[in-house]
Each structure stands twice: as C-alpha cells, then as structure tokens.
Amino acid sequence: LFVPSESAGSSLISSAGTAEVAVKADAVRETSPILDPAFDLADPAAQLYMIQLCEWIEQQPNLVLYKDPPDCWMRRFRDWLGSASGPAGVAFPVANRTRFPELLVTWSMLHGGRNYFGVSTVSNRLVWARMLLRSTIDWQSAGFIISRQEFPKWQAVVEHVKTTAPSTLGSNPVQASDVWLRAFVEEEFVTGTALACAISVGAAFVTTLCFVQSVALAMFTAVAVGAILVTLLAFIVLSGSFLGVIEAIAVVCLVGLSIDSALHFAHGYIHAPRWLVEAAEERAGLEPGEEPASQLPGWAERVARLGHRGARASFAMQKMGWPIVSSAITTAGASAFLLFTTIEILRVFGVILVFTLGCSLVITIVGLSALLSVAGPKFTLCEACARGCCKHSTEHTSSSHRNPLTAALVSQ
C-alpha cells in the first residue's frame with residue numbers, strides 16, 4: 001500500500017521479507033488524502049503504546065528476527081530525551097502536544113528517523129506514523145505457503161492493534177510488504193495452472209478426435225497426456241522444489257509437447273492397413289489348428305495373429321515407434337544445454353522440458369500401446385458409419401430381389 005506522504009496511515013513497502021505495521025489516520029481517495037481528525041500521536045497514551053507495541057511484537061514467536069529487532073523509533077526517541085544530548089527538562093511521554101512534533105522532527109534530523117512519520121505543513125500536526133519490522137518470512141518460499149501461513153500471522157498483529165491501541169491512533173491500522181504482492185500473484189498462477197491444464201487436456205482431446213475420428217482413441221490419448229502431467233507434478237514435488245511461477249508456466253506450455261508422441265501413436269494405430277486388419281479378423285475367427293485361407297509374409301503373419309487390436313498396436317509401434325523416439329532424442333538433446341545455464345528460469349524450464357520428453361516417451365511406448373492392445377477401438381467414426389450403412393443397404397437389396405415364395409416360407 002503506497003499512500004502520499006501527507007496522508008495519515010501510509011504503509012510504505014520497504015523490502016522483501018519485511019512487514020510493516022502502520023497506524024492509519026485517514027483513507028486515501030484518488031490523490032487527495034482525507035485525514036482522520038482523531039489521529040493524534042502527540043497524545044501521551046499513544047506515545048507509550050508505540051513502545052508497548054514494539055515490546056509485544058518482540059515477544060511473539062516466529063514473527064520477527066531477534067538478531068534484527070524491530071526498529072522501534074519511539075523507543076529511540078525516548079532514549080534521546082533522557083540522554084545528555086537531548087533537550088533539558090523534557091520527560092517521556094511528552095505532555096506538551098504542541099512541542100512534541102517539534103521535538104520529534106529535531107530528533108529525526110539528528111538520527112535519521114524522518115521516514116517513520118509525517119507532519120502536515122499546514123497544521124504542524126503528525127498525520128501518520130509507521131513501524132518497520134524485519135520478519136522471519138523466507139521470501140523464497142512458495143507463494144501459496146506465504147499467503148496462507150505467513151500473511152494471517154501479520155493480519156493477527158493488525159487485529160491486535162485495533163483492539164488495544166488508544167483511540168488517538170486511529171481506527172484502521174494496516175500492514176504491508178512487497179512479499180505479499182509476489183506471494184498472491186504466485187498463488188494465482190498456481191491456482192490458474194490447474195484450470196489451464198484441464199483446458200489444455202480438453203483441447204488435446206478435441207484435436208485428437210479431429211485427427212483420428214475415434215472418441216475412445218481420443219479419450220485414451222487425453223488419459224496419456226493427463227498421466228504425463230501428473231507424473232511431472234510429482235517429479236517437481238519429489239525433487240524438493242515447489243510449483244512456483246516458472247514451473248506453472250512451464251507445465252502449461254509443455255502440454256502441447258507431451259501430446260505429440262501420443263497423437264502420432266494414435267494416428268498410426270487407427271490408420272493400420274485394411275488388409276492387415278481383415279487378416280487379423282479372419283485369424284481371430286479360426287478354430288484351433290485351422291489354417292487361414294491366405295498366407296501373409298512372416299512379420300505380417302505374426303502381427304495378424306495378435307488379434308484386431310494387437311495388430312493395429314503392433315503396426316503403430318513399427319510405423320511410429322522410431323520417429324517418436326528420434327523426435328524425443330533430438331528435442332531433448334537441443335534442450336539439454338538449458339540444464340547448464342546460470343539463469344534460474346532457463347535451467348528450471350530445461351529440467352522440466354527434458355523430463356516431460358522422457359516421461360511422454362515412456363508413457364506412450366509402454367502405457368498407451370498396452371492400453372490400445374487391450375481396449376483400443378476397432379473402427380473410426382467414419383468407418384463405423386460406413387459399415388452400418390453398407391450392411392443396411394446390402395440387406396435391403398437382397399430382400400427386394402428375393403423370390404416372394406421363398407420369402408413367405410422363410411417368414412413361416
């Protein structure tokens with residue numbers, strides 16, 4: 001939250017890993033701040049509370065770094081008043097509300113505390129104040145961990161200030177840190193990744209359906225792509241990393257890469273030669289020991305005896321297996337140079353890319369081929385429609401040319 005210097009309650013972002021508790025005295029509306037007339041840091045009770053708040057925050061576990069305690073500027077101001085270099089005859093808290101801003105400005109000019117409060121040039125009143133605290137947040141942690149675990153802790157500090165602060169410190173304190181912005185943006189990236197992956201798998205299903213013209217085959221291909229994504233996410237977690245912005249972008253981008261091998265294998269399966277499919281169907285209907293009417297070459301005979309689905313899957317393996325492997329090797333080889341880069345985003349993208357290629361290759365060659373050999377479709381949509389129409393036409397034609405007497409006998 002960035003508020004102009006004349007506004008009360010500005011909570012200015014300082015650095016990553018820092019949290020700020022600001023005592024807010026106004027609300028920002030466009031560019032003109034509306035000051036809270038109740039805000040008065042010159043109140044002795046407000047001065048004492050600022051020190052009490054520092055001490056309370058220091059006592060909270062896992063909130064601030066004890067090796068770098070809160071920069072309690074009010075406490076340093078109190079020590080200055082009681083030192084030899086301070087003004088004579090002035091005790092803390094300062095009871096003279098008119099002189100308090102003057103003393104505070106004098107101290108800030110001597111000790112560099114001007115960025116902790118703001119003084120109105122019109123009324124010569126303190127209109128906002130803040131505290132800078134160095135928290136224990138690891139800014140390199142995952143965004144969803146920071147937003148769901150660390151952010152509520154500092155919101156609890158704000159609620160504590162609301163319930164314990166005197167009325168002269170205003171009614172709406174706020175806290176801010178630049179790490180919150182990164183954490184919430186990263187959380188949105190991660191949350192949107194699940195939806196993006198679902199949309200990508202759905203688009204892969206539609207695309208595969210257009211190419212292979214088989215709902216079952218498109219579904220199996222989408223299942224293979226989903227298995228690749230799940231394996232990739234498991235690899236990211238097991239490797240000790242987390243799903244950050246880089247990983248989320250890489251996962252979504254690599255969905256299109258993971259479908260290549262599965263789509264090519266599905267295309268080879270459904271476009272097996274007709275003579276091979278018919279030979280497999282013929283051999284599937286033979287009795288034990290019965291020989292087929294026609295003989296095929298050695299490799300084709302072995303493939304045809306695998307059954308209808310097995311013949312298609314075997315043909316797809318012979319036709320598309322080596323191109324799929326070659327494509328994965330060349331792409332992984334070209335991406336391997338990213339593994340040795342010093343720029344983190346390129347290295348992470350390279351690791352995910354190489355793993356996705358290897359995972360896609362294994363799932364397609366081993367998993368998808370076995371799945372299609374057992375439960376693959378026999379025909380495309382067009383082939384099924386053509387067979388149904390041809391069968392209906394043949395039956396209609398044969399019945400129309402049948403002898404009426406024969407038809408009557410058959411009906412009886």
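**Helix packing and the nonpolar cores**

1. Start with the pair α4 and α5. On the α4 side, the residues in contact are G143, F144, I146, S147, R148, E150, F151 and W154. They meet V179, W180, R182, A183, F184, E186 and E187 of α5. Sorted by class, this contact has eight nonpolar, two polar and five charged residues. Keep in mind that the model is predicted.

2. How do the two helices lie to each other? The angle between α4 and α5 is about 135°, and their axes are 8 Å apart. Angles over 145 degrees would count as roughly antiparallel and 65 to 115 as roughly perpendicular; α4 and α5 are therefore oblique to each other. The crossing of α4 past α5 is left-handed.

3. The largest nonpolar core contains 43 residues. Within this core, the residues with the most contacts are L41, W73, M74, F77, F100 and F117. Two or more residues each come from α1 (44-59), α2 (73-82), α3 (99-111), β4 (117-119), β5 (126-134), α4 (143-164) and α5 (178-212). Which element gives the largest share of this core? It is α1, with seven residues.

4. L41 deserves a look of its own. Leaving out residues up to four places away in sequence, L41 touches A46, Q47, M50, W73, M74, F100, L126, A129, T168 and L169.

5. A further core, of 19 residues, lies apart from the largest one. Its members include C197, A204, V251 and I259.

Notes. Residues numbered from 1 in each chain as written. Predicted model: local features only at pLDDT ≥ 70, side-chain atom pairs only at ≥ 80, totals over all residues. Heavy atoms only, no water. Core = buried A, V, L, I, M, F, W, Y, C linked by side-chain atoms within 4.5 Å. Buried < 20%, exposed > 50% of the residue type's maximum accessible area, 1.4 Å probe, protein only. Helix = DSSP H or I, 4+ residues; strand = E, 2+ residues; numbered from the N terminus. Contact = heavy atoms within 4.5 Å. Axes fitted to C-alpha atoms, helices over the stretch in contact; angles between N-to-C directions. Parallel < 35°, antiparallel > 145°, perpendicular 65-115°, else oblique. Left-handed = near helix turned anticlockwise from the far one by under 90°. Nonpolar A, V, L, I, M, F, W, Y, C, P; charged D, E, K, R; others polar.
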